[in-house]
Amino acid sequence: MSDNRTEHVLNKKERFHLLPGLPLIARNEPMLWLTGGALVLSLALIVLLLSYIFYQGGTSFWPQPVEAYVVHDGSTIMGEQAREDTIEVDETYRSQLPEALRAGVTDGEEVERMLIRTANFDVTNTHFHWVDTTELVSVSVPPTATVIERLSWGRFIGTPISLQIQEEEPITDPTAIMEGVDEHLAGIHDVLERRIHLEKATLGEIRAHEESARLESVEVRLEHGEESQHYVEALAAYQVIKEHCVEESASVLAQIENLKKETAPYTLRMATASGQEADIPLEEIVRIYQPNALSFMDKLGLYGARWMEFLFDDPREANSEGGVWPAIIGTVMMTMIMTIFVVPFGVMASLYLSEYAKSGGLMSIIRIAINNLAGVPSIVFGVFGLGFFCTTIGGGLDNWLFPAEVSEGRPVLGKGTILWASATLALLTVPVVIVATEEALRAVPNSMREGSYGCGASKWQTIWRIVMPRALPGIMTGMILAMARGAGEVAPLMLVGAVKLAPELPIDMHGTFIHPERSFMHLGFHIYDLGLQSQNSEAAKPMVFTTTLLLISIVVSLNLIAIWMRKRLARRFVGGTF
Amino acid sequence: MITDSAVNRLAAIAAGEMCTPAVHEECHFDAPIVDIEKFNLYYGAKRALFDISMSIPKGQITALVGPSGCGKSTLLRSVNRLNDLIDIVRIEGGMKLNGENIYDPAVDVIELRKRMGMVFQKSNPFPMSIFENVVYPLRIVGIRDKTVLEETCERSLRGAALWDEVKDRLHENALGMSGGQQQRLCIARAIAADPEVLLMDEPCSALDPIATGKIEELMAELKGQYTILIVTHNMQQAARSSDYTAFMYLGQLIEYGPTATIFTNPQLQETQEYVTGRFG
């Protein structure tokens, strides 16, 4: 009987533990709170971070309404509201207020204020203006308020007054002005594009041709001396090329002048909220719209257009406007070159470690060292890359291959370049690849190797035909992890080649197409530069968020590709037995 | 009941004493395909094989039996020098394949292994197609001729009694086959390069009775054409399918003779105890 009772009690206890609705506290597992709490906290922080970035990055391109704020002295401030905050009234605050308003506030009171993005930096010398609710008289949403995104000076916010087209009578009707601008803008952009192509590509090619001819003559001088017959001949050859180039560029410059004349006579006269007038050449206008009159679909179109501009255009205005195309190209190309460096090296090294080396004390030490290498601060790799790759190897190669450039103090490879940046990051990520590959190799069952040896295969045949295919998903994972790590790294890049603004992409249609000797732009560095180095950080803020969103998206996509690839390869090579 | 004398002898071996193996007269072959002479093997400081001397007849099936850890797999893996892959293994004594010393320093171990086929306890098809699995031994010697590969594949699969089951899906992944099929695929692979000896390390221990029966039938068919050396835990299997049986215990060869004699009328008491399942 007593046995039965014990059993009964036990059963009840078991059920007691399984009851899903039981309060956590009653389960007598106090560590559940601590461990679960830690998980919840870290998840919450990650979700918070991501949703903040997604919200800010996703909404910053949505067209904001332009509001006109009339303040106590009768002046009007027009612009987009950037943000709001509150300020506590104290003596200093009160002393800054106009006398008429001082009585209206008491010490300690919280006053709301708004930061208005007024733009028009060329007219007002400021991008932003604070408006306090104490001095606010009225707010309106003028339907004719117009926002112009320009090639230089940032945005212009105002109302159109007149449109001058060549020598014709200026158009003054507001609707007609907007229609006129819309009508001519596309044509002007075409002309502008042609002009930029002439300036950048055609003229650049002529100059590069001349420059290479000149450098050839310098090389001859360095080799044979200034007095030599060789140099005299080379100089003469250079003179011929130079004259030819001067002629050619003169004709191109003339073409450019003609194109400039084509676009110059189109001018839009705008008035700011305070009544100042400004003439804006149409060729300066990237985009013009009246935000308060836009329908939802118009806004959606504008939003999409801005994203396209962001993804595929060059940056303007100290990177705070325009796009990040060069940074995307720089990031992707650097990651590619890095992968080409790091994967063969890392895989070879781990093959030696796990397939050839005999296990022992030395191997354990090497393994620990490699694992620790992954924890070395990345800036250390940056310093090493600068000293070793840029200065030593790059400098050495320069002295050997490009003596003419060096003699003029313009190193080709002996400076920060995309090549050395990739090499530095390869060094930084090689432990990731080694560790992941070794893990993958270890997971290949020994029975596979024995089966292959039993057939009379050599070690390398076994590795190449049996072990490697089977370990491929793991090796891929290591590669993508390294790519994700490399794509997000910033600190070392600042030393070995990432720049704020690279005039030329490291890949283009000229010469050798790929230019490993060029410096480059990088998304991570771009974020740092926008957020912390920009003179106009408030205006750059939306770009910081969108660039961050882009970088996160790239890294997340890389990881998703890794998971997908791993699954695919695992299905093919590992499979289920029985 | 285990008789006292047998217990004493086994206890003596366990205590580290050497015993003289009882090798039947029928097992002194004139031209053995594998001749093992005073073979010793050490894992580091631990001695795993003690002065094994036996000769394996050509074209016959020889079974190695004995309780777990008696060194029969180790002995089998010594024949194709698979134990070389373990860093700490050291050997003494000799072993000859058709009169050539296997452990001669001048022997190319890769070439040596090509002359033998091996089937493992757990089937280990490679993660590739059935066809590629079978022709793997040919691929690694660089044969690319498609007709040769296809002929070999068919012949080996027929030899392993697998052809009819897989002839329509030769290019599917081998990992999709059933356990018994996978093991027969491994046998097909082992015989693809026409080995002189086929080494089988408990080939049926992971298989169900039907699959086991198929493998045993297969062994009977392969007999004569190939010399088979098989390690097994299954006494019935040894009794059914082998011609000669060697009983090992704790690294020593105890008795070696024709299977019928070993199972019905062994010279030593302990062999009888073991094969009738009274210990081990």
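In chain A, 5 strands are arranged as an open sheet in the order β4-β3-β2-β1-β5, and the pairing is antiparallel; here strands (E, at least two residues) and helices (H or I, at least four residues) are DSSP runs numbered from the N terminus, and two strands pair if DSSP finds at least two bridges between them. The strands β4 (128-132) and β5 (136-140) of chain A stand at the edges with a single partner strand each, so one side of each is left without a neighbour in the sheet. From one strand to the next the twist averages 35°, where axes are lines fitted to C-alpha atoms and angles run from 0 to 180 degrees between N-to-C directions. In general, strands of a sheet pair through backbone hydrogen bonds, in either the parallel or the antiparallel sense. Within this sheet, β1 (residues 67-71) and β2 (residues 76-88) of chain A are paired in the antiparallel sense over 4 bridges, and Val70(A) has Thr76(A) in β2(A) as its bridge partner.

The model is predicted, and for this reason local features need pLDDT of at least 70 and side-chain atom pairs count only at pLDDT 80 or more, whereas totals for chains, interfaces and linings use all residues. Residues are numbered from 1 along each chain as its sequence is written, chains are lettered from A and ligands numbered from 1 in the order in which they are written, and side-chain values use heavy atoms, with hydrogens and water left out.

Chain B contains 12 helices and 11 strands. Its radius of gyration, taken over C-alpha atoms, is 19 Å, close to the 19 Å that the globule rule (2.2 Å times the number of residues to the power 0.38) gives for 280 residues, so chain B is as compact as a globular protein of that length. Along its principal axes, the C-alpha trace of chain B spans about 60 × 45 × 35 Å. Of the 280 residues of chain B, 57% count as buried, a term that means under 20% relative accessible area, while exposed means over 50% and partly exposed lies in between (1.4 Å probe, protein chains only).

On the surface of chain A, a nonpolar patch is formed by Met348(A), Tyr352(A), Tyr356(A), Trp460(A) and Trp464(A), which together have about 600 Å² of accessible area. Such areas come from the Shrake-Rupley method with a 1.4 Å probe, and for residues only the protein chains shown count as cover; patches are made of residues with over 30% relative accessible area and no salt bridge, like charges being joined within 9 Å and nonpolar side chains (Val, Leu, Ile, Met, Phe, Trp, Tyr) within 5 Å. Two or more residues of the nonpolar patch come from each of α9 (325-356) and α15 (459-488) of chain A, and α9(A) gives the most, with 3 residues. Met348(A) lies in helix α9 of chain A and is exposed, with a relative accessible area of 52%.

Two residues other than glycine have a positive phi. For Asn120(A), phi is near 55°; this residue is placed in the loop between β3 (110-117) and α5 (121-124) of chain A, and Asn120(A) is buried at a relative accessible area of 4%. For Leu250(B), phi is near 50°; Leu250(B) sits in the loop between β10 (244-249) and β11 (252-258) of chain B and is partly exposed, with a relative accessible area of 36%.

Over all chains, a search of the whole structure finds 38 salt bridges, each being a side-chain nitrogen of Lys or Arg within 4 Å of a carboxyl oxygen of Asp or Glu. In chain B, the side chains of Glu216(B) and Arg240(B) meet in one of them (2.7 Å, N to O). This pair links distant parts of the chain, 24 residues apart, with Glu216(B) in helix α9 (residues 209-222) and Arg240(B) in helix α10 (residues 235-241) of chain B. Glu216(B) is buried, with a relative accessible area of 10%, whereas Arg240(B) counts as exposed at 52% relative accessibility. In chain A, salt bridges that share partners join Arg117(A), Glu149(A), Arg287(A), Arg306(A), Glu309(A), Arg316(A) and Glu321(A) into one network. The side chains of Arg316(A) and Glu321(A) meet in a salt bridge (3.6 Å, N to O), and both of these residues, Arg316(A) and Glu321(A), are buried.
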